[in-house]
Amino acid sequence: VTTPSASSKMSQPFTSIAVGKSRGFLVDKRASDKVKPSHRKGTKGKRVAVIREVVREVCGLAPYEKRILDILKTGGATSEKRAYKFAKRRLGTHVRANRKREEVKDLWAAMRARQAA
């Protein structure tokens, strides 16, 4: 007994019958340019990006972010690691700590570029 392949299953038109290879409720296909809202989760929109930029400009860095910046500025062989460890203690996870360290490093690079120009 051979089982039908996935391609042969897809080639048959769907019916509204509850059993069989092409079973299921007939629905209209979602337009290809539309994205399911649940697939968008986590992506930053333009509006949110602008708001966060304004807030960062007005409020500046949080005290723990200033400390991370200070650790990076003082340098040394282990400054990256120490900044990571400090951020991890404050933020709780490896990924968040790495992301915050990179964010602060980018801010510092932007500050140096602004001073150089």
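Predicted model: local features only at pLDDT ≥ 70, side-chain atom pairs only at ≥ 80, totals over all residues.
Residues are numbered from 1 along each chain as its sequence is written, and side-chain values use heavy atoms, with hydrogens and water left out.

**Exercise 1.** Compare the reach of helix 6 with its expected span.

*Solution.* Helices are DSSP runs of H or I with at least four residues, numbered from the N terminus. Helix 6 covers residues 94-116, which makes 23 residues. The expected span is 1.5 Å times one less than the number of residues. From first to last C-alpha the helix reaches 33 Å, close to the expected 33 Å.

**Exercise 2.** Find which part of the chain lysine 100 is linked to by a salt bridge, and state whether the two partners are buried or exposed.

*Solution.* A salt bridge requires a side-chain nitrogen of Lys or Arg within 4 Å of a carboxyl oxygen of Asp or Glu. Lysine 100 meets glutamate 65 at 2.6 Å, N to O. This pair links distant parts of the chain, since lysine 100 lies in helix 6 and glutamate 65 in helix 4, 35 residues apart. For accessibility, buried means under 20% relative accessible area, exposed over 50%, and partly exposed in between, with a 1.4 Å probe and protein chains only. Lysine 100, at 13%, is therefore buried, and glutamate 65, at 5%, is buried too.

**Exercise 3.** Describe the salt bridge between lysine 105 and glutamate 102.

*Solution.* The side chains meet at 3.5 Å, N to O. Both residues lie in helix 6, 3 residues apart, about one turn of the helix. Lysine 105, at 23%, counts as partly exposed, as does glutamate 102 at 34%.

Notes. Helix = DSSP H or I, 4+ residues; strand = E, 2+ residues; numbered from the N terminus.
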